[in-house]
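Here are a few friendly notes to read alongside the picture. Take the points one at a time and find each element as you go.

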Amino acid sequence: MRISSRALAAIALVLPLLLVGTTGSHASSTSSLIMVEVDETAFDAGPGEKISFTSTVTNTGEESLSGLIAHLNILTSDPGVYVDPEDWSAKRTQYLDDLSSGDSQRLTWTVQAVTSGPLILYVAVSDTGKNRVYASEPIEMTVGGQRVVNSGGVLPLVLWMPAGVLGLLGATLLRRRRHQ
Amino acid sequence: MTDQAISGYDAPAPAATSAWIVVAGQELRDLWLSGRGLTMMLAHTVLLSVSTYLIATNQELNFLEQREAINLVLKVAVVVGCLLVVIAAADSISGERERGTLESLLLTPAPRRALLVGKGIAALSLWFAAFALSLPYLWWIGRDVGTFPSASVGGFVVGTLLALFLVGVGLIVTMFSQSNRLSISLSFFLLLALVAPSQLPTGATRGWAGELLMRADPFTAGLLYLERLIINAHTLTQDVGLLATPVVAAVLLPALALGLAGRLTLLPRSGS
C-alpha cells in the first residue's frame with residue numbers, strides 16, 4: 001500500500017505529540033513518589049548578597065528510597081544575562097539519606113547573587129535507581145541593579161596621590177643632601 | 001642603619017625615656033628621613049592608582065559590583081602594606097649584620113629587647129602610612145554606597161593585627177638569618193604561603209580541613225572577615241570570631257620574638 005504524502009505529514013505531526021504526551025504522563029505518574037517543596041516562592045536580593053532557603057524532600061510512595069541526589073538549578077529568563085551557576089552557589093549537589101515511606105529530609109541551600117536580573121531557582125531530585133527526576137516549584141529571585149564604580153574624576157586621584165608622595169620624597173632627599 | 005644613626009644610641013637617654021623609645025625614634029628617623037620609607041610608599045600609591053584606574057575604566061574589571069571593587073582595593077592595600085612591613089622587619093637585624101653595623105649596635109647600652117621593639121615599631125609605621133595613603137582610594141571607590149566607614153575601620157583593625165603578626169615573623173627570621181637575602185626571601189615566602197589559602201576556590205575550602213585552614217591561617221581569616229564586612233554588608237561585630245586567629249597571632253609572634261631577643265648574637269649558627 002502506498003502512503004500519501006499528506007498521511008506522512010500527519011504521522012510526522014502526531015508522533016512527536018504522542019512522545020511528548022508519553023513523557024508528560026511519565027512525569028505525572030512519578031510525581032506521586034517523591035515530593036520536593038521549597039519554603040520560598042520569591043525573593044529580592046542585592047548584588048553580592050547571600051540568601052538561603054530550605055527544600056523538603058518527602059517520600060510519598062510506599063517503598064523506601066535510597067541513592068537520592070538533590071541538585072540546585074539556577075537559570076535566568078533574560079537571554080541577555082549570563083549565569084554561571086558555579087559562581088552563584090558553591091554547593092549545589094546534596095546526597096540524601098535513605099528515605100522510608102512517608103519520611104522527609106530538609107536541605108538548606110545558599111546562593112550568592114552575582115549579577116542583576118531575573119533568576120529562576122529550583123531543586124531537582126534524581127532517583128538514580130528508578131532513573132527519574134522530580135523538581136520543586138520554581139523560586140523567582142530578582143537581583144537588583146548592579147552598582148559599578150563611576151569612573152568620573154578618577155584621573156586626579158590616581159595621578160595626584162603618587163605625585164604627592166613623589167614630591168614629599170624629593171623634598172626629603174633634597175633636605176638630606178643639604179644637611180650632608 | 002648608618003654609622004651616624006648608631007652613634008645616636010650612645011647618647012644618654014633621659015631618665016624618663018625608655019631605651020626602646022630612643023631606638024624607635026632613631027629607627028623611624030632612619031626609615032623616613034632617608035627616603036626608604038617614602039620610596040616604598042611611592043610604589044604603594046602607584047600600585048593603588050593602577051588598580052583603581054583599571055577598576056574604574058577597564059570594562060572587564062568595572063563589571064565588578066561596587067562593593068566587590070572596594071573589597072579588592074582594600075585587600076590590595078592590606079596585603080601590600082603587610083608586604084612592606086615584613087620586608088622592613090626582615091631587613092632589620094640581618095641587614096645590620098650584613099652591613100657590618102650590628103656589632104656596634106649590640107655594644108650600645110640599649111637592651112636587645114629594646115632594639116627589637118624599636119625596629120618593630122619602625123617596620124609597623126610602614127603599615128600605618130600605607131593604610132593612610134589607601135584611604136582616599138577607598139573613599140573614592142565607595143563614595144556612592146556608604147561602605148567607606150566600615151571598610152576603613154575593618155581594614156585598619158585587620159591590617160594592624162596582620163602587620164603586628166608579620167613584624168613578629170620578620171624579627172624572628174631576621175634574628176637567625178646570616179644573610180639579608182635569606183631573611184627577606186624566607187619572610188616573603190612565608191607571606192605568600194599565608195596569603196595563598198585566601199585565593200583558593202570556594203570549593204577547596206569546604207569540609208573540615210578547608211574550614212580549619214580558613215580559620216587557622218590569620219591572613220585567610222582576616223581577609224574573609226573583610227569580605228563579609230564589605231560584600232555581605234555585615235556589621236563590624238557580626239563575624240568577630242574570624243579575628244580570633246589574627247589576634248592570637250598578633251600577640252604571640254611579637255611576644256615570641258621578644259622572648260628570643262636574648263639569643264640575638266653577632267653571628268648566629270656560625271660557631272665562630
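1. Please keep in mind that this is a predicted model. Start with chain A, where three strands make an open sheet in the order 1-3-6, with antiparallel pairing. Strand 1 (34–38) and strand 6 (104–112) of chain A are the edge strands; each has a single partner strand, so one side of each has no neighbour in the sheet. From one strand to the next, the twist averages 20°.

2. Now look at one pair within that sheet. Five bridges join strand 1 of chain A to strand 3 (residues 50–59) of chain A in the antiparallel sense. To find your place, look for A:Ile34, which stands opposite A:Asn59 in strand 3 of chain A.

3. Next, turn to chain B. How do helix 4 (residues 66–99) of chain B and helix 6 (residues 112–141) of chain B cross? Their axes come within 9 Å and cross at roughly 165°. Angles over 145 degrees count as roughly antiparallel, and therefore helix 4 of chain B and helix 6 of chain B are described that way. Their crossing is right-handed. The contact between these two helices has 21 nonpolar, four polar and one charged residues.

4. Helix 4 of chain B also packs against helix 7 (residues 148–175) of chain B, at an angle of about 25° and with the axes 8 Å apart. That makes helix 4 of chain B roughly parallel to helix 7 of chain B. This crossing, too, is right-handed. In the contact of helix 4 of chain B with helix 7 of chain B, the residues divide into 20 nonpolar, seven polar and one charged.

Terms used:
Residues are numbered from 1 along each chain as its sequence is written. Chains are lettered from A and ligands numbered from 1 in the order in which they are written. This is a predicted model: local features need pLDDT of at least 70, side-chain atom pairs count only at pLDDT 80 or more; totals for chains, interfaces and linings use all residues. Two strands pair if DSSP finds at least two bridges between them. Helices (H or I, at least four residues) and strands (E, at least two) are DSSP runs, numbered from the N terminus. Axes are lines fitted to C-alpha atoms, for helices over the stretch in contact, and angles run from 0 to 180 degrees between N-to-C directions. Angles under 35 degrees count as roughly parallel, over 145 as roughly antiparallel, 65 to 115 as roughly perpendicular and the rest as oblique. A crossing is left-handed if the near helix is turned anticlockwise from the far one by less than a right angle, and right-handed if clockwise. Ala, Val, Leu, Ile, Met, Phe, Trp, Tyr, Cys and Pro count as nonpolar, Asp, Glu, Lys and Arg as charged, and the others, Gly among them, as polar.
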